[in-house]
Amino acid sequence: MQTIRKISLLLATTSLIACSDDVGSMDVVTGGDLTGPAATACRAAIAAETGRRPADVAVFDVAEAEAGIGVQATVAGAEAPWSCQTDRNFRVQGVMYTGSEGAL
């Protein structure tokens with residue numbers, strides 16, 4: 001009987017999660033080399049762009065692709081993450097705020 005309750009609870013929880021459409025929440029996926037050269041270059045570029053210290057920039061995702069390396073980071077006080085791209089030699093190719101520019 002205990003197993004049936006656990007299965008029922010698991011199914012109910014899974015159904016609730018699947019039906020949840022909370023647009024206001026932000027799912028943060030972490031991965032990659034969070035302290036490597038791409039992350040370091042992007043942390044410095046985002047800090048310069050925002051006028052913050054590199055210590056105020058926290059990298060949470062680094063993803064490699066054919067075109068280069070994408071880095072996602074949060075900045076203290078910002079409402080949305082920042083995105084940065086580097087080439088394979090870790091030269092920053094661009095920095096962009098992913099939220100509303102009115103919130104900057």
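In this predicted model, strand 1 and strand 2 (residues 68-75) run antiparallel to each other and are paired over 8 bridges. One place to look for this pairing is alanine 58, which stands opposite threonine 74 in strand 2. Strands of a sheet pair through backbone hydrogen bonds, in either a parallel or an antiparallel sense.

In total, 4 strands form an open sheet in the order 1-2-3-4, with antiparallel pairing. Strand 1 and strand 4 stand at the edges and have a single partner strand each, so one side of each is left without a neighbour in the sheet. On average, neighbouring strands of this sheet are turned by 20° against each other, direction ignored. Helix 2 packs on the sheet and touches strand 1, strand 2, strand 3 and strand 4. The direction of helix 2 makes about 130° with that of strand 3.

Stepping back to the whole protein chain, the model contains 2 helices and 4 strands, and reading along the sequence gives the pattern α-α-β-β-β-β. The protein chain has 104 residues, of which 26% count as buried. Its accessible surface comes to about 7,100 Å², and 56% of that belongs to carbon and sulfur atoms. Among contacts between residues at least 6 apart in sequence, 33% join residues at least 24 apart.

The search of the whole structure finds 1 disulfide, which joins cysteine 42 to cysteine 84 with an S to S distance of 2.0 Å. This pair links distant parts of the chain, with cysteine 42 in helix 2 (residues 37-50) and cysteine 84 in strand 3 (residues 82-86), 42 residues apart. The torsion about the S-S bond is about -75°, so the disulfide is left-handed. Both cysteine 42 and cysteine 84 are buried.

Tryptophan 82 is buried, with a relative accessible area of 6%, and tyrosine 97 counts as buried at 9%.

Valine 59 lies in strand 1 (residues 57-65) and has 11% relative accessibility, so valine 59 counts as buried. Leaving aside neighbours within four places in sequence, valine 59 is in contact with Leu34, Ala39, Arg43, Val71, Gln72 and Ala73. The C-alpha atoms of valine 59 and glycine 32 are separated by 9.9 Å, and these two residues are 27 apart along the chain.

Aspartate 56 is found in the loop between helix 2 and strand 1. Is aspartate 56 buried or exposed? With a relative accessibility of 18%, aspartate 56 counts as buried, because the cut-off for that label is under 20%. Beyond its neighbours within four places in sequence, aspartate 56 is in contact with Thr74, Val75 and Ala76.

Definitions and conventions: Residues are numbered from 1 along each chain as its sequence is written. This is a predicted model: local features need pLDDT of at least 70, side-chain atom pairs count only at pLDDT 80 or more; totals for chains, interfaces and linings use all residues. Side-chain values use heavy atoms; hydrogens and water are left out. Buried means under 20% relative accessible area, exposed over 50%, partly exposed in between (1.4 Å probe, protein chains only). Contact means heavy atoms within 4.5 Å. Accessible areas come from the Shrake-Rupley method with a 1.4 Å probe; for residues, only the protein chains shown count as cover. A disulfide is a pair of cysteine sulfur atoms within 2.5 Å. Two strands pair if DSSP finds at least two bridges between them. Axes are lines fitted to C-alpha atoms, for helices over the stretch in contact, and angles run from 0 to 180 degrees between N-to-C directions.
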